[in-house]
Structure formats: C-alpha cells, structure tokens
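Hello,

My notes on it follow below.

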Amino acid sequence: MLSLARCSLSSSLRVRQIPSTAAWRSLHTPPRPFFQRGTISGPQQPKDLLRSLFKTQRRTYAQFTERNSVGAFTPTAAALFVVTGVGLAFYFRYEKARLEEEREKERAQKSYGRPSVGGPFQLTTHDGKPFTEKDLLGKWSLVYFGFTNCPDICPAELDKITAALGKLREDLGCTFPGESQHGDIFLPVFISVDPARDTPSQITQYLKDFHPSFIGLVGDYAATKSVCKAYRVYFSTPPNADPKGDYLVDHSIFVYLMDPNGQFMDAFGQAITADEVVDKVNEALENWQKQTGKKV
Amino acid sequence: MGWFSSSSKQDTSAPTREDRQKCWETRDAYFACLDRVGVVKAGEEGNACSKEKKQYEGNCAKSWIDYFNQRRVIAEAQKERLARANEQNQAARK
C-alpha cells in the first residue's frame with residue numbers, strides 16, 4: 001500500500017484504494033477503463049459507482065510504470081533483497097560445507113571393503129621362538145612371503161623393504177640402525193614358502209643381507225599352507241619337496257602392510273618403488289594417528 | 001659363509017648377496033655373448049659362448065640357470081610383441 005500512497009495526484013480526483021493483491025495484479029496487466037471495471041465488480045454498483053467516480057483517479061499505463069519504478073523497487077526493498085540473497089548464499093555455502101564434512105567423516109570411519117587378508121598363524125622365528133599373529137600387534141608390520149633360494153625377485157623386494165624402512169625410521173628421527181626416539185614401530189617379517197629347505201638357521205643367514213629388524217618365520221608344510229591361505233598367497237612347493245633338491249618356488253610377491261591392530265592396510269606390488277612404499281606407509285600412519293591419536 | 005657356499009652349490013645353505021651378485025654378473029656376460037651371436041634360446045649357440053657358459057654354470061644353481069634362460073626367451077618374445085603392438089598403434093593413429 002506504500003506504493004499507492006506515493007502515487008502522484010495530478011488530477012483533482014483521488015486514488016481509489018485497491019487491495020494490494022489487486023495492485024500487484026495490475027502491475028502486470030494494463031488497467032482497464034474505469035467503467036469497465038465498475039461493471040465487473042458487482043457489489044459496487046450502482047450507488048457506489050457514482051461515489052467512486054469522484055474518488056477515483058483514472059490511471060493511465062504511464063502512471064503505472066512510473067509508480068513501479070519508484071514503488072516496488074525502493075532502496076529498502078533493494079537492500080532487503082540483497083541482504084536476503086547474500087544471507088541465503090552464505091547459508092547454503094555453509095550447509096554444503098557442513099554436509100560434505102559430515103559425509104567425509106562418515107566415509108573415513110567406515111572400513112567398508114577392507115580385504116580379508118591376514119589371520120591367525122603359528123610359526124617359528126629364525127631364532128627358534130614361537131610366533132603367532134598376536135606378535136604382530138602394536139607395530140606396523142611389512143609382511144613378505146618368499147624363500148631363501150629365490151633367484152632375483154625376493155632379494156629385490158627385501159632390499160626394497162630395507163630401503164623403505166631406513167627412510168621411514170629416518171623420517172621418525174631414528175639413527176639407522178639404532179633405536180628411534182619414538183621407539184621402533186615397524187616390524188618387517190619374512191615368511192618362508194619353502195618349509196622343506198628353509199631352516200631357521202638358513203633364514204638367519206639369509207636375513208643378514210637385509211634390514212637388521214627383519215624377523216624370519218617358518219613352519220611345517222601345513223602351517224605354511226595355512227598362513228599363505230590367510231594372506232591369500234599362492235605358493236607352488238609340493239608337500240613332499242626334497243630338502244636337498246634344487247628347485248624354485250613360484251609364489252605371490254606382494255608386500256603386505258598391516259596396522260598395529262593386525263589388520264590389513266595395503267599391498268605393494270613389484271612395480272611400486274621404495275619411495276612409494278614410504279609415502280603410502282606415511283599416509284596410513286597419518287590417518288591412523290588422526291583416528292586414534294597415537295602412532296601404534 | 002662365503003667360502004662355504006661357493007665351495008659347493010648343491011648344499012642347502014642360503015645364497016648370500018655376494019653369491020647372487022656373482023651369479024647375475026656371469027649370467028649377464030653369457031647373455032651378452034648370446035646377443036652378439038644372435039641367439040635367444042640358451043644352448044643353441046653351439047660353442048660360441050663356452051667360456052661365459054662355464055662361468056655362468058659355475059656360479060649359479062641349475063634351477064636358477066633354467067629360470068634365467070627361460071625368462072630370457074619370454075622377455076624376447078615380449079619385446080617383439082610390444083614392438084608389434086606399438087607399430088599397430090602407430091598405424092591405427094594415421
């Protein structure tokens with residue numbers, strides 16, 4: 001109604017008061033001549049018709065456009081429009097960021113699709129002590145399956161683990177090969193897939209060429225088969241292999257990264273370099289630290 | 001350990017880094033000789049690389065020799081396949 005009051009009264013006749021809805025509608029349709037309006041609006045005629053004839057100004061289209069330009073778009077309305085717009089924009093942006101964050105959090109907490117790699121096993125270390133999956137707990141372990149008579153791939157992979165460990169421990173401030181200031185949180189494990197030939201003493205000798213923290217594990221054929229099954233590792237040694245024989249063992253060559261809870265985290269193939277292993281382990285460590293607040 | 005393992009290849013002790021290194025070097029020398037005479041499959045070179053072959057066989061276990069020889073054949077076949085695939089790729093792009 002504010003707009004109507006502001007209408008200029010050039011003629012002697014007054015502005016007829018129309019309801020605001022009518023005013024809005026009239027913005028979009030050119031006004032009809034007065035008499036035509038009178039005939040439609042039933043209750044006004046015929047007595048009211050005469051009275052309103054004196055009260056009402058006949059508005060032209062030009063007057064309406066003039067009223068529109070100053071009326072509907074006042075500085076107050078414009079300011080309100082801008083403030084509401086900006087406010088909504090900020091609100092939506094905030095809401096979007098909040099929802100995204102929530103979704104991200106949910107995704108991080110969900111451990112969907114974690115491969116079922118690893119599990120219980122009972123083996124013997126290279127220095128003759130019993131070793132089970134429980135001995136992996138509390139450390140980040142890098143597990144590799146191989147055999148001491150391996151011509152080239154196993155030593156290359158073990159060299160890779162050795163190099164990665166050196167780098168990782170250095171990053172944590174350890175003086176290789178001594179103990180670190182954070183404690184030693186990594187455990188490299190070599191599991192033999194050649195139980196007929198790989199005795200603990202032979203594994204001890206073999207591991208001298210690699211990182212000093214390596215633990216070598218071996219068991220009888222059944223124990224080896226069982227641990228390989230748990231880690232989804234294929235190996236070709238027959239159960240009745242000749243301990244003196246000269247043969248090779250065909251086997252899977254992944255390095256498995258297990259978290260301090262003994263859960264599978266990642267697998268590194270032959271194509272992944274020592275530096276990439278370092279990056280991936282560091283990434284896993286960071287995520288772990290964010291979630292649990294500790295390193296192991 | 002070094003003198004022990006190098007004295008007898010057939011014992012069950014694990015090969016050391018030095019043992020492996022020596023084996024790989026003699027293998028590379030033998031394969032280089034095969035390349036020179038244009039032979040892919042070991043054993044088809046006649047007497048051309050007998051000196052290198054003797055060194056190779058003296059420093060690597062038989063299972064390793066079989067494995068390396070086999071892999072050489074596979075790698076050559078792969079090289080050929082890759083070259084052909086590249087050619088086809090080039091031709092398809094034109």
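Chain A holds an open sheet of seven strands in the order E2-E1-E5-E4-E3-E6-E7, with mixed pairing. Strands pair if DSSP finds at least two bridges between them; strands (E, at least two residues) and helices (H or I, at least four) are DSSP runs, numbered from the N terminus. Strands E2 (130-132) and E7 (264-268) of chain A are the edges, each with a single partner, so one side of each has no neighbour in the sheet. From one strand to the next, the twist averages 30°.

This is a predicted model: local features need pLDDT of at least 70, side-chain atom pairs count only at pLDDT 80 or more, and totals for chains, interfaces and linings use all residues. Residues are numbered from 1 along each chain as its sequence is written, while chains are lettered from A and ligands numbered from 1 in the order written.

E1 (122-125) and E5 (215-218) of chain A run antiparallel, joined by two bridges. Thr125(A) sits opposite Leu217(A) of E5(A).

Two helices to check against the sheet:
- H8(A) (200-207) packs on it, touching E1, E4 (186-192) and E5 of chain A, at about 150° to E5(A).
- H10(A) (274-292) packs on it too, touching E3 (140-146), E6 (255-258) and E7 of chain A, at about 170° to E7(A).

Angles run from 0 to 180 degrees between N-to-C directions, with axes fitted to C-alpha atoms, for helices over the stretch in contact.

Now the interface. 15 residues of chain B contact 14 of chain A (C-beta atoms, placed from the backbone, within 7 Å). H4(B) gives the largest share of chain B's side, five residues.

Best wishes
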